[in-house]
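Open the structure in your viewer and keep the sequence beside it. This tour says what to select next and what is there.

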Amino acid sequence: VQTLAREEWAKEATDASNLKINHSIYPDWAHPNLMIGNHDLARFGDLIDNSSAHNDNYWKRHKAAISYMGAYSGPVTLYYGEEWGSKTGNSDMTSMHVSRNDGKISGFTSEEEDLLDYTKKVMEIRANNSALWQEDTSKSVVASGNQYIDTKEDASTGNQVVFCLNIGTNAETFTVSGSWKDAMTGEEFSGSVPMEGLQARYL
């Protein structure tokens, strides 16, 4: 939230190092659940709109946040509405229950439908690749500047996934050793991976 929009209390981060999560700070029995928001937190869409550094690319920022969630080691929860980009239009970021709005199950715009479809694809990829959701699968993490690269392997199944996320708005080339296939687009890469602004890839 800090990296792709803003926190309720206005904190914003502009370096991918902010995305690096260290589970070792928790006891062995703990399985931290990643959420973008909940009923007591401001909507992600409102946080984008009220951000000073991240108030553009509304739909790409939602896709980036959901893709990051899809690559998280451990349990995740999507609060209803995040999968289609809901917002309240409320500039009050800190009141209790500020994110509550009417549920919508039909009449989606083309942008909302596109985000819904994207979220479904992300969760399908997550379900089909244990390296994404299984805990303790990260072998190496690059998190610097605009580049976040998490190389993950589930040793019990041999499943390997490299998750790449460009948090910047300009195109960049990521260096990823080996040959890989994008699980969403079918594109194949070897050594270097072109990344559009705010694009994520599961390789």
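**Stop 1: a glycine in a loop**

Select glycine 145, which sits in the loop that links strand E3 (138-144) to strand E4 (147-154). The model you are looking at is predicted. Glycine 145 is partly exposed, with 28% relative accessibility. Now show its surroundings. Beyond the neighbours within four places in sequence, glycine 145 is in contact with Thr14, Asp15, Ala16 and Ile167.

**Stop 2**

Select strand E5, residues 159-166. Is this strand largely enclosed, or open? Seven of its eight residues are buried, so E5 is largely enclosed by the rest of the structure.

E4 and E5 pair antiparallel, over eight bridges. Find glutamate 153: opposite this residue, in E5, stands glutamine 160. Then go to the hairpin of E4 and E5, where four residues lie between the strands. Pick glycine 158 there; its phi is positive, near 80 degrees.

Click leucine 165 and look across: its bridge partner in E8 is alanine 200. While you have strands on screen, look at the side chains. In a regular strand they alternate between the two faces of the sheet.

**Stop 3**

Arginine 201 is buried, at 4% relative accessible area. Its side chain meets that of glutamate 187 in a salt bridge, 2.8 Å from N to O. This pair links distant parts of the chain, 14 residues apart: glutamate 187 is in the loop between strand E6 (172-181) and strand E7 (188-195), and arginine 201 is in strand E8. Glutamate 187 counts as partly exposed, at 34% relative accessibility. Salt bridges with shared partners join Asp182, Glu187 and Arg201 into one network.

How many salt bridges does a search of the whole structure find? The count is eight.

Select H2, residues 58-70. This helix has 13 residues and reaches 19 Å from its first C-alpha to its last, close to the 18 Å expected at 1.5 Å a residue. Ten of the 13 residues are buried, so H2 is largely enclosed by the rest of the structure. Colour the buried ones; among them are Arg61, His62, Ala64, Ala65 and Ile66.

Now pick lysine 63. Lysine 63 is partly exposed, at 22% relative accessibility. Which residue does its side chain meet in a salt bridge? The partner is aspartate 114, at 2.6 Å from N to O. Lysine 63 belongs to helix H2 and aspartate 114 to helix H3, so the pair ties together parts 51 residues apart in sequence. Aspartate 114 is partly exposed too, at 39%.

**Stop 4: helix H3**

Select its buried residues, including Leu115, Leu116, Thr119, Val122 and Arg126. Why look at the spacing along a helix? An α-helix has 3.6 residues a turn, so residues three or four places apart point the same way. Then show what covers the buried residues of H3: the cover includes helix H2, strand E2 (76-77), helix H4 (130-133) and strand E8 (200-202).

**Stop 5: rings and a lysine**

Tyrosine 58 is buried, at 13% relative accessible area. Tryptophan 59 is partly exposed, at 26%. Their ring centres are 4.9 Å apart and the planes stand at 80 degrees, so the pair is edge-to-face. The count of aromatic pairs comes to six. For an aromatic cluster, select Tyr68, Tyr148, Phe163 and Tyr202.

Finish on lysine 87, which lies over the face of tyrosine 58, 5.0 Å from the ring centre. Lysine 87 is partly exposed, with 41% relative accessible area. It also forms a salt bridge with aspartate 49, where the closest N and O atoms are 2.7 Å apart. Lysine 87 is in the loop between E2 and H3 and aspartate 49 is in helix H1 (residues 44-49), so the pair ties together parts 38 residues apart in sequence. Aspartate 49 counts as partly exposed, at 37% relative accessibility.

Definitions and conventions:
Residues numbered from 1 in each chain as written. Predicted model: local features only at pLDDT ≥ 70, side-chain atom pairs only at ≥ 80, totals over all residues. Heavy atoms only, no water. Phe/Tyr/Trp six-rings, centres within 6.5 Å; stacked < 30°, edge-to-face > 60°. Buried < 20%, exposed > 50% of the residue type's maximum accessible area, 1.4 Å probe, protein only. Lys NZ or Arg CZ within 6 Å of the ring centre and 35° of its normal. Helix = DSSP H or I, 4+ residues; strand = E, 2+ residues; numbered from the N terminus. Contact = heavy atoms within 4.5 Å. Pairing = 2+ DSSP bridges. Expected span 1.5 Å × (residues − 1). Salt bridge = Lys/Arg side-chain N within 4 Å of Asp/Glu carboxyl O.
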